[in-house]
Amino acid sequence: MNESFDKFKKRIWLGIIVKCVLAALCCAFLIVNIVLFSCLLNGVHLLWVWYLLIALAGFAVGGGVAFLCFRTDDGKIAKRLDAELSLSERVQTAYVYRDSGGVMLDLQRSDAETALSNTPNKLGFGNFIVTIILAVALAIGVGALPVIAVYADTSKNTPSGTVPPKDPPRDVTDWEWQALDELIEYVRSSKKADEAAKSGMVTALTGLRNILLGGVSQNSLTVFVRNTVTEIRNAVTAANEHDGVTDEQKQNNSDEEEYVINRLNEIFGLSQSGGSDPSGGGEQNPEQPVSPGNNTGTGELIINGLPFFDPELGYVSSGDTETRDKYYAIIQQAMLEGTISRSEWELIVAKYFSDFKESENNEEN
């Protein structure tokens with residue numbers, strides 16, 4: 001029976017191999033199409049070698065799964081031959097007793113061999129419907145691949161397919177961290193604002209600090225600072241609406257609010273309406289850090305609109321943003337290098353504007 005059985009066995013295994021190859025190709029094209037389409041939607045463009053590796057991986061996975069599903073053995077083949085060729089279990093019996101001897105068994109095996117030899121080769125293609133489905137799926141995958149690839153290549157070279165660059169991250173400098181921490185500590189220890197106003201401002205500033213720890217972009221930093229300013233104003237407004245708050249305390253709360261907001265805008269280089277003296281008098285508050293937007297002992301001092309001295313340009317209006325930004329960049333770099341401390345710079349600025357204000361007053365007199 002061996003020769004005839006092997007003939008049918010090869011035919012069955014050929015069908016299994018065909019189905020495994022179809023399944024492997026279907027899986028390879030399916031995965032490549034999915035990855036290519038996903039990359040297209042997200043504006044990602046991979047090198048062709050990546051798609052080749054993805055296809056090979058899909059081929060291996062699809063072929064392996066198909067082989068596990070369609071594989072067979074000699075016992076199953078014998079059972080199938082008896083069923084499809086109507087051999088009344090001759091082949092199964094011969095297979096079961098293939099290693100046993102005896103006259104009756106030899107006659108039975110000879111009968112099975114004769115039956116297989118005389119049977120026309122009309123064995124069907126197993127799982128024919130599955131084979132058709134795999135072939136159709138493969139055709140769809142092969143047809144879809146060039147369509148998606150061409151569309152992806154076209155979108156890559158057109159403005160509509162270009163992914164806009166993301167807003168670059170905005171690194172918070174060591175000086176900004178230090179200044180923000182000092183501002184938070186100043187509010188906590190302030191003797192002018194009441195507890196409700198201080199608590200609200202500290203909460204807003206601490207919330208901003210926590211956000212900055214997670215990383216922000218330049219655009220979002222501006223938004224977060226503006227939101228913090230709004231929170232500070234709302235907190236002070238709510239504190240001033242409490243019962244029993246005197247008019248003097250309300251004014252002190254408002255003064256602290258304006259100072260904190262101006263200082264916050266100054267730290268992160270945002271526009272501001274000018275500083276105000278939280279002490280409310282002609283003397284510098286010892287608790288309050290000196291900044292260009294605060295009083296310097298000669299009355300209220302507003303930087304906006306006042307000139308400053310540039311070594312090359314002379315007195316320059318603070319409205320000249322290009323020169324001002326250049327100046328601040330040089331100062332911050334000097335602070336990072338340790339050639340000047342923050343307190344030294346604040347004293348220089350305070351002294352400069354104090355002298356300028358005094359000179360201006362003398363000219364008026």
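Is Arg233 buried, exposed or partly exposed? In this predicted model, Arg233 is partly exposed, its relative accessible area being 32%, and this arginine takes part in a network of salt bridges together with Glu257 and Glu258.

**Helix H8 against helix H9**

- Helix H8, which spans residues 195-213, and helix H9, which spans residues 218-240, have axes that come within 8 Å and cross at roughly 165 degrees.
- Because an angle over 145 degrees counts as roughly antiparallel, H8 and H9 are described as roughly antiparallel to each other, and their crossing is right-handed.
- On the H8 side, the contact is made by Ala196, Ala197, Gly200, Met201, Ala204, Leu205, Leu208, Ile211 and Leu212, while H9 contributes Leu221, Phe224, Val225, Thr228, Glu231, Ile232, Ala235, Val236 and Ala239.
- Sorted by class, the residues in this contact of H8 with H9 comprise 15 nonpolar, two polar and one charged.

**Helix H8 against helix H10**

- H8 also packs with H10, at an angle of about 15 degrees and with the two axes 11 Å apart.
- Since angles under 35 degrees count as roughly parallel, H8 and H10 are roughly parallel to each other, and H8 passes H10 in a right-handed crossing.
- The residues of H8 that make this contact are Ala197, Met201, Leu205 and Leu208, and those of H10 are Asn253, Glu256, Glu257, Val260 and Leu264.
- By class, the contact of H8 with H10 has six nonpolar residues, one polar residue and two charged residues.

- Side chains of opposite charge can pair when their charged atoms come close.
- The model has a count of eight salt bridges, and one of them joins the side chains of Glu257 and Arg233, with an N to O distance of 2.7 Å.
- This pair links distant parts of the chain, with Glu257 in helix H10 (residues 247-267) and Arg233 in helix H9, 24 residues apart.
- Glu257 has a relative accessible area of 8% and is therefore buried, whereas Arg233, at 32%, is partly exposed.
- Glu257 is also among the H10 residues that make the contact with H8, and Glu257 is linked with Arg233 and Glu258 in a network of salt bridges.

- Glu195 and Lys198 meet through their side chains in a salt bridge, with 3.2 Å from N to O.
- Both residues lie in helix H8, where they are three residues apart, or about one turn of the helix.
- Glu195 is exposed, with a relative accessible area of 57%, but Lys198 counts as buried at 9% relative accessibility.

How values were computed:
Residues are numbered from 1 along each chain as its sequence is written. This is a predicted model: local features need pLDDT of at least 70, side-chain atom pairs count only at pLDDT 80 or more; totals for chains, interfaces and linings use all residues. Side-chain values use heavy atoms; hydrogens and water are left out. Axes are lines fitted to C-alpha atoms, for helices over the stretch in contact, and angles run from 0 to 180 degrees between N-to-C directions. Helices (H or I, at least four residues) and strands (E, at least two) are DSSP runs, numbered from the N terminus. Angles under 35 degrees count as roughly parallel, over 145 as roughly antiparallel, 65 to 115 as roughly perpendicular and the rest as oblique. A crossing is left-handed if the near helix is turned anticlockwise from the far one by less than a right angle, and right-handed if clockwise. Contact means heavy atoms within 4.5 Å. Ala, Val, Leu, Ile, Met, Phe, Trp, Tyr, Cys and Pro count as nonpolar, Asp, Glu, Lys and Arg as charged, and the others, Gly among them, as polar. A salt bridge is a side-chain nitrogen of Lys or Arg within 4 Å of a carboxyl oxygen of Asp or Glu. Buried means under 20% relative accessible area, exposed over 50%, partly exposed in between (1.4 Å probe, protein chains only).
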